[in-house]
Amino acid sequence: MAVEEDDNTWLIELESALLDGCPPQEINVITKGKRIPDSLRPDVWLVCLNCQEAGNQLLHFDEIFDLPNQNDLRDDVKKFVKRLDNDDDDKLAVISDIESIITFYCKSKSISYASNNGWIEILYPLLSLKLPRSDTYNMFEKVIKLYIPKGCITNGVPFHILRLVLQYHDPELCSFLDTKRITPEQYCLPWLRSLFAVNAREQLLQMKNEDKAIIINTLTGMPGDLEANDVSDFCSLAHYYSLKTPQSFREDVLEVLFSESGLEINSKLYSQALCLPVAVHELIESATVDATDVDSVKFFLVDCRPAEQYNAGHLSTAFHLDCNLMLQEPNAFNTAVQGLLNAQRHALAAGSLAAGEHLCFVGSGRTEEDSYAHMVVASFLKKNTKHVSMLDGGFVAIHDYFGPHMTDCLEDHNVSTCLVCAPDNNNLSTENQKPLIHDNIPAIQLFSKLSTAMKVKSQEVKGKLIEYIVNPNATVNSGEWHVSASDRKEHRYRNVPPVFSINDEDDDSHSDSRRDIMSSESLEEIVELQTFLKRQNVVDYFQCQEVLLNGYMHDSYLVVTDTHLIILREIPSKRGFATILSRRPLSTIVKITAKKRHPELITFKYGIPDGDDLLIKDMDRFLIPNASVATKVVSNQIVVQLDNKGQ
């Protein structure tokens, strides 16, 4: 009996606290995740949503049901209630309550109702509390405001954000779902609307051979397996992942998902993000965090700018991984990556200020240069490396952060060769960038001391890892032209500039093409690879890697036919098969360009002549091992086509 009395003590405390108007935090302390009795649940909901004194907003409801799609709302409510086990009288009351609350909500917020937006599903458990309609409305309004992200529509921002977070914490699971072309919106829309999500990693990874529809159905129904006793663990797990997600990203995301400003957010900011962005203030200040603080995110900084830029100024805590190595010296790059991972382990073991379990990559902050840095980051993601992020704004953001203190805080800073201090040293202008000067004194003092005190130690570390972080002295092959002068036939393009060049490419940042995340609704043509390559109209084909603007690379084939350039992407989960990404008429190729430093990286640009200029409509970029042969075949076939047209 004594045990039972002790077990019920918390209920007495809870009743007393509710009568005294306690805050939500006190309820959490008292209940400790225990199941709330039905008799107290309505009061607990009111307190936890802070709706005790919200007033009766329904007094302003004119009881006129005249929404533009009122009939759709009424039909949806009836269909939902029809599935319930309630008696007929109760069903009529539920229909009346739901329609009234949603109608007034739409009118008061000047918004439209949309079928399947989840509002009915949210309202039903609130109605089961048997509170007055005014209290139910207040709680419904609060739930929508605080917990339901804005933009839960097809291709909506919340789903792109969820994928970035999943990739950050579990890249293997994210890659598995990407391979199956399962996007978050296909399975988690009911989760977000009903405030549930669930951890089922192992179960999903064991479904690699299952059909896409089966996986989606399994994912969608997983929250239904949660029981009352699981809630406490579920919340603890959510809190853990929140702590292990960069704070600057969390703050930005909350502003996007729950802001009442009404600003339209460009979904491309998140749909085209290669990985989680981290703000410069968080990266710098993480170095001041105590290494023993397990609740904080500590970054291991990877500076992947070219060597000449790194040598003109960098943070003392940064490990240098030259992005140019990836294309110039693949073996040296792989060795450097192993050196990076070893350095990270040693730093963690030693409790160094540079230590961190989370990798943050730093590029230059310039779009064209960072395409190579993106390729480096993509290579880590492809290996399912956890906790990969990239500094928003690159080295330019670091430079601006320290402002007048940069000389003290950056190691080896050289004003004459630093591309931020002397933008004329680079053809990429920074005129429109405004310095963002911060006065974080602890961080500035720390890096000022580091740049002096750590020079000796950093030299020792660099000595051990010199073969990893220094560019090999091998000369860059400025080599032969992919297309000989005799093959160009410039007169065929009248006043249009030469079509084939190996000069530095133009800035391709205007191109908005992205095929790495294709709509699940798009029609895909899947072909058996070898059968397709043996077709009679195929002139030649080249195994290669398609390089996307964000740095991702996909195993592909470049197929040259009599009239088209066809791009096939291999399907990892279906060996021997490929998806036809595009069929480009050869007549639309207006330029073939390459980097002198990376002659294997070829860009095909498509467009039309526009007076004396070229109007570029689209582009594809490939890493082709035998690029000189490939471009020769393509250019010759273009010439053949032009000759045929001229006859």
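Predicted model: local features only at pLDDT ≥ 70, side-chain atom pairs only at ≥ 80, totals over all residues.
Several of its residues are tucked away: Gln-70, Leu-73, Asp-76, Val-77, Phe-80 and Val-81 are buried. These residues sit on the same side of α5, because they cover an arc of only 130° around the axis. The general rule behind such a pattern is simple: an α-helix has 3.6 residues a turn, so residues three or four places apart point the same way. What do the buried residues of α5 pack against? Their partners are two other helices, α6 (88-109) and α7 (119-127).

Next comes a lysine in a loop. Lys-298 lies between helix α17 (280-286) and strand β2 (299-303). Is Lys-298 buried or exposed? Its relative accessible area is 9%, and buried means under 20%, so Lys-298 counts as buried. The Lys-298 side chain also has a polar contact, reaching the backbone oxygen of Ser-286 at 3.2 Å.

Finally, the cysteines. Cys-174 is buried, at 3% relative accessibility, and Cys-188 is buried too, with a relative accessible area of 1%. A disulfide is a covalent bond between the sulfur atoms of two cysteines. How many disulfides does the structure hold? The count is 0.

Key. Residues numbered from 1 in each chain as written. Heavy atoms only, no water. Disulfide = S-S within 2.5 Å. Buried < 20%, exposed > 50% of the residue type's maximum accessible area, 1.4 Å probe, protein only. Helix = DSSP H or I, 4+ residues; strand = E, 2+ residues; numbered from the N terminus. Polar contact = N/O pair within 3.5 Å; in protein donor to acceptor, adjacent residues only side chain to side chain. Arc of directions from axis to C-beta. Contact = heavy atoms within 4.5 Å.
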